[in-house]
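This report goes through selected features of the structure shown below, taking backbone angles, helix packing, aromatic pairs and a strand residue in turn.

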Amino acid sequence: MESRLLFICMGNICRSPLAQGIAQELYNGWSDPILDSSFLPAQKGIPAVFDSAGIHGYHRGEAPCRGSQEIAKQHGFDIASLRSRPVRLQDAEKFDYFIAMDSENIQALLKMGFAREKILRMGDFGDGMDIPDPYYYRDMQGFETIYAMLYPAIKKLLYAQGILR
């Protein structure tokens, strides 16, 4: 058995590639040296595949935005090799769950025809809030804010899915 998770945001250049990077690094045994200094690396549970996509294809083929790349590096990992792509209905056959960053993403996925039971809201694994677009903040503050929301939520998600134990 393998768990396949697709992280979704609006354009796939800020939140969802950062979430993909965090999930992959946690799965590989990394822990955040800033937020989680006492965390012992978790053990892998079931095999997992992580990817990310955007509701819109405006940024197709682009690397994650500078802010997301910079915040990832500040926390000890690199997402520069990731490339934006739009979510496609064919992804419904390839992925077990679609992890939406906010309620607007959920509504867009539903309108596209994705099954509600396969859509999860990232914030439901954290503080219960939507993960906001970092551009609603000033400078790097937004990226640090969303990172601080994503990191614990993704850890909880991976444990809940049996990907980490």
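In this predicted model, Asp139 has a relative accessibility of 64% and therefore counts as exposed, the cut-off for that class being over 50%. Asp139 sits in the loop that runs between strand 4 and helix 5, and its phi is positive, at about 50°, although the residue is not a glycine. As background to that angle, most residues other than glycine have a negative phi.

Asn12 is another residue other than glycine with a positive phi, in this case near 65°. Asn12 belongs to the loop between strand 1 (3-9) and helix 1, and because its relative accessibility is 2%, under the 20% limit, Asn12 counts as buried.

| Helix pair | Angle between axes | Distance between axes |
|---|---|---|
| Helix 1 and helix 5 | about 45° | 10 Å |
| Helix 2 and helix 5 | about 60° | 9 Å |

Helix 1 passes helix 5 in a right-handed crossing. On the side of helix 1, the contact is made by Arg15, Leu18, Ala19, Ile22, Ala23 and Leu26, and on the side of helix 5 by Ile146, Tyr147, Leu150, Tyr151, Ile154, Lys155 and Leu158. Sorted by class, the residues of this contact comprise 11 nonpolar and two charged, with no polar ones.

Helix 2 (residues 66-74) packs against helix 5 at an angle of about 60°, and helix 2 is therefore also described as oblique to helix 5. This crossing, too, is right-handed. Gly67, Ser68, Ile71 and Gln74 of helix 2 make the contact with Phe143, Glu144 and Tyr147 of helix 5, and the residues involved divide into three nonpolar, three polar and one charged. The buried residues of helix 2 are Gly67, Ser68, Gln69, Ile71 and Ala72, and these buried residues pack against both helix 1 and helix 5.

Which residues do ring pairs link into a cluster? Trp30, Phe77, Tyr147 and Tyr151 are joined in this way, and the count of aromatic pairs in the model comes to eight. Among them, Trp30 and Phe77 form an edge-to-face pair, with a distance of 5.0 Å centre to centre and an angle of 70° between the planes. This pair links distant parts of the chain, since Trp30 lies in the loop between helix 1 and strand 2 (48-54), Phe77 lies in the loop between helix 2 and helix 3 (91-94), and the two are 47 residues apart. Trp30 counts as buried because its relative accessibility is 13%, and Phe77 likewise counts as buried because its value is 5%.

Tyr147 and Tyr151 form a stacked pair, at 6.0 Å centre to centre and 20° between the planes. Because they are four residues apart in helix 5, Tyr147 and Tyr151 are separated by about one helical turn. An α-helix has 3.6 residues a turn, so residues three or four places apart point the same way. Both Tyr147 and Tyr151 are buried, and both also take part in the contact of helix 5 with helix 1.

Finally, is Ile119 buried or exposed? Ile119, which is found in strand 4 (residues 119-121), counts as buried because its relative accessibility is 4%. Leaving aside neighbours within four places in sequence, Ile119 is in contact with Phe98, Ala100, Ile106, Leu109, Leu110 and Phe114. Between Ile119 and Ala92 the C-alpha to C-alpha distance is 10 Å, with the two residues 27 residues apart in sequence.

Technical notes:
Residues numbered from 1 in each chain as written. Predicted model: local features only at pLDDT ≥ 70, side-chain atom pairs only at ≥ 80, totals over all residues. Heavy atoms only, no water. Axes fitted to C-alpha atoms, helices over the stretch in contact; angles between N-to-C directions. Left-handed = near helix turned anticlockwise from the far one by under 90°. Contact = heavy atoms within 4.5 Å. Nonpolar A, V, L, I, M, F, W, Y, C, P; charged D, E, K, R; others polar. Buried < 20%, exposed > 50% of the residue type's maximum accessible area, 1.4 Å probe, protein only. Phe/Tyr/Trp six-rings, centres within 6.5 Å; stacked < 30°, edge-to-face > 60°. Parallel < 35°, antiparallel > 145°, perpendicular 65-115°, else oblique.
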